[in-house]
Each structure stands twice: as C-alpha cells, then as structure tokens.
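Try each task yourself before you read on.

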Amino acid sequence: DLIGVQGANQQEFKVFLRPVLAVTINGSGSATEYAYKYALNPGAVPRNANDGASAANILYTYRASGAGPMSWVMALTGRRFECHNRGQQGDTFARMTARFAYDAAALAAGAWVVATGGINNVATGQTLPEVIAEFLALRTAIAKVGAKLVMLTPFPQLANRSNWSASKELVLLQWRNWLRRNASKYNYVCIDWGGLACGNMHIIDPTSTTGAAQVAVVNADKIHPLVNASYMAGKALASFFNRLYGTSVYDGIPRNLADCGIMPNGLLYGTGGTMGAGVTGQVANGLAVSVVTGSPTVACTITARAFSNPDEGDNAGNWQSITVTPTQSGDQVKINLPNLASVLSCGNLVYLEMLVKLESGANQLSSLELMVNSQTSKRGNLLVSDMLLGSTQRGAMPESFVARYGFYAPVRTAVDASDKPSNFQAQLIATAAAGGAPFKVSMACIRAEVVN
C-alpha cells in the first residue's frame, strides 16, 4: 500500500517492521514524498520455491505511482508483503546500479527485486547495445547480494510524447523483445507489460507497428501508465507470487467480531448506518454513505458472505455494497468508517485493512481509494492512503476484482500534554470514469489494530 505522508514530518511516520516479500526498482517514483509499506502477516514465508526457511526480506520493489503495479501486487496477494521503494525519477540503469550498493543492497539480500527500466536510457539517445550493457551491470549487482530478479518490461510509450522519435520507439521495442528472449540466459523472470490484457482492454495499440501503447491506458503526459495499465501489470506480478507462495486476498481476514480489533462492527451487521442526499437503501451500523462530487444516484445493499460461494472465502459477516449511477466523469461517492479517535492515543501506529470488491461496471470506475486523515485537537491533516491517485492517473478499470486494501497510519504526535486525537476516520472513495451506466463496489471484513 501507499503511505502518503503529507503536511507532516517524515520522522512522524513510524515504521512497523514485519517480514518483507518484495522490493521494486524502476526509473520513476518519489522516495521523498511517500513511504511505501506493505504488510506481511506473521508466519514463515519461503525465500524462494526451494527454500522453506522464514525470511526477513523476500521482495524488493521500485514503483512509479500511488496505485502502481506493486500496490496492486500487495492488494491482490492478500496484503501479506512488505515492499521497500527505492525508485527515483529519471533513473537510467547506470544510475540504478550506482545507487544500488548504498540504497538497496542491504534490503535486497536474499530477496526478490522487481525492476523495470530502459525508457530513460532510450530517451537519452542510447542504442540497444548500450541499454543492454547498463542493464547487465545492474543484473550483476543484484546477483552479488543473492537477490532474485523479476523484470517488468518498460511501459510502452505514445509516439507523440515529448523527447521521442520513431528511432527511439524502435530501440524501446527492441529492448522489450531482448528482455523477453534472454530471461533464461541471464536468470531472471520476465513479465511483458506491453503484452498484457484484461477484460476488453489491452496495453498495446493493435494498429501500431512499433509497439506503442493505446491511449486509453496512458497518462495525459503521454509517458506514464494510468491505473488500468498498472492494474494489469500488478495482476500479472501477483499471479507469479501467488504461484510461489500460495497467497490469497482472503488469508488472515477477520473470522469473528473480536478479530476486528478496535474497529466497531467490522463485519458490517445491522442497518443503522446513515445516508446522505441522493443515497437510498441499507447501510450497516457505524457507516455513512454520501456523495462527494457531482449528482450520482447511489443504492446501498447489504448481503451475507457465504462460504458456499468460492469467491467469498468464508461466511464472516456481510458485504456493504454501493451501486453508483454517475451523471458524468468525476462523480464521487464515499463510505465513511467509524471515527476511532476516542480509542487512540497520540503517537499510536494503526494498521487498517479491509476486503474491497468491484462487482460490476468496471469500465465505469476510474479509481477506488482508501484514505484516513489523522488529526489531533491541535494538529491536523496527516493523510494516509492506499491506491491514492491524482486525477490524471485515473482511468476506466478493465475488469472486476477482489482485493485487500490497507495501510499503516500514524496517529499524530501531541503538541503538549493536553493534546489528544480528534479525528481518525477512514474513507473508501469511488470515482466514476464516465456518466451513464452504473458500477457496484463493496467492502467487507474491516480490521483496525494498534501496533504500538
């Protein structure tokens, strides 16, 4: 998950150490504005398919956006993994290698490294042999610390992006093809971002002769992926790690009321919740559903989870669903969870998680974000989010999914002895991709735990 520490000192974010599954490296992403934390539930996790020993570090990853591929990996593998981001905007492979020894090697030892790169190399005018040589130097550095490598081929570019040309597009295509052909020779796993497809959406423009991306998956800057493209890459990576470690989005979710920690009614019983204007139906006790932006209609339903349904995993509690019929792109609806401020103390660290499901209308949903704002009576606005997206990163989702969202969120430290928490209320926020047809999202099995 993405921990966005905004308007607060980085030191205020306290790291809660649990075993790590993966580390990612790529040529973009801010290591200064965000702290990336992926939770792995306690227990033995093998370092690789042939090693049953428990691991302190298994996966090491650089990721590029608030809901980038590794965010989806964590959400689609049951949020068992901790991820350390060492990405840096503009990195070529040479710069990655130069930073690796002091910035990543200690974390990567015995771990998985998930890397993507080459676009910045090509943008500087490098030839294919020059890109390969720089990559192999990084591959050597990774191997020296005993790490295993997953290479995600570079995200295909649009032909009309800045600092680009037909010759550069050709080198990038050659580099992508080289990575796919040489995985066995250089002992890495290769996942081809350009070759991915989900639902009725695919990455590559079928009319392109040079492997360019289709516009529907590319950011307005014509360089970076939208959330739909990141989802496709994350799903492919998650499938790989699920095969290795047998994870599930359902593992470790609450099995009874007591397991919901400090979250009141985490299994979503009752119908005593509140509804704002334009909202009808049933809302579970302690929840509040309201329209944030626009004038969509919202129908709320509560359905029991059933073990007999293979998609449910168990029969713990209910699903709280909202069916949103938007009038235009950008219409936004939120579900407020109970405010936990009264049961927290300044300086606490809280782990929050829930099951989230997009049931229908995938192409009508452009983002689904979980966020909490931590405030005290004298301090405000410490925002922590999972799947956080800027407006230019949103894009129609390619298919329905079930995922586990979550994050570690610090309760703000006190200004003085009289200061105390005043707000710690999580929200699940859904944003429409277009007006017209409805989409349906659901939540279940909410847990909040004070970890210090």
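**Exercise 1.** Which residue does Trp112 stand opposite in S7?

*Solution.* Before we start, note that this is a predicted model, where local features need pLDDT of at least 70, side-chain atom pairs count only at pLDDT 80 or more, and totals for chains, interfaces and linings use all residues. Residues are numbered from 1 along each chain as its sequence is written, and side-chain values use heavy atoms, with hydrogens and water left out.

Step 1: Find the two strands. Helices (H or I, at least four residues) and strands (E, at least two) are DSSP runs, numbered from the N terminus. Strand S6 covers residues 112–115, and strand S7 covers residues 148–152.

Step 2: See how they are joined. S6 and S7 run parallel, with 4 bridges between them. Two strands pair if DSSP finds at least two bridges between them.

Step 3: Read off the partner. Trp112 stands opposite Lys148.

Step 4: Look at the two faces of S6. In a regular strand the side chains alternate between the two faces of the sheet. Trp112 and Val114 lie on one side of S6, Val113 and Ala115 on the other, and all are buried. Here buried means under 20% relative accessible area, exposed over 50%, and partly exposed in between (1.4 Å probe, protein chains only).

**Exercise 2.** What is the strand order in the open sheet of 6 strands?

*Solution.* Step 1: Write down the order, which is S11-S13-S16-S21-S18-S19, with mixed pairing.

Step 1: Strand S11 (274–275) and strand S19 (382–386) each pair on one side only.

Step 2: Zoom in on one pair. Strand S13 (residues 288–293) and strand S16 (residues 332–336) run antiparallel and are joined by 5 bridges. Within this pair, Thr293 has Gln332 as its bridge partner.

**Exercise 3.** How many of the residues of H1 are buried?

*Solution.* Step 1: Count them. The answer is 8 of the 8, so H1 is largely enclosed by the rest of the structure. Among them are Pro69, Trp72, Val73 and Leu76.

Step 1: Look just past the helix. Thr77 lies in the loop between H1 (69–76) and strand S5 (83–85), and its relative accessibility of 0% makes Thr77 buried too.

Step 2: Check the Thr77 side chain. One of its polar atoms lies 2.6 Å from the backbone oxygen of Val73. A polar contact is a pair of N or O atoms within 3.5 Å; within protein, one must be able to donate a hydrogen and the other to accept it, and residues adjacent in sequence count only if both atoms are side-chain atoms.

Step 3: Compare with another loop. Asn182, between helix H6 (166–181) and strand S8 (189–191), is buried at 12% relative accessible area. A polar atom of the Asn182 side chain lies 2.9 Å from the backbone oxygen of Trp178.

**Exercise 4.** Which residues touch the most other members of the largest nonpolar core?

*Solution.* Step 1: Know the term. A nonpolar core is a set of buried Ala, Val, Leu, Ile, Met, Phe, Trp, Tyr and Cys residues joined through side-chain atoms within 4.5 Å.

Step 1: Name them. In this core of 79 residues, they are Trp72 and Tyr405. H7 supplies the largest share, 10 residues.

Step 2: Look for another core. A second, separate one has 28 residues, including Ala104 and Leu149.

**Exercise 5.** Is Trp319 buried or exposed?

*Solution.* Step 1: Locate Trp319 in strand S15 (residues 318–325). With a relative accessible area of 1%, Trp319 is buried.

Step 1: List its contacts (heavy atoms within 4.5 Å). Beyond neighbours within four places in sequence, Trp319 is in contact with residues including Thr301, Leu355 and Ala444.

Step 2: Note the separation along the chain. Trp319 and Ala444 are 125 residues apart, yet their C-alpha atoms are separated by 4.9 Å.
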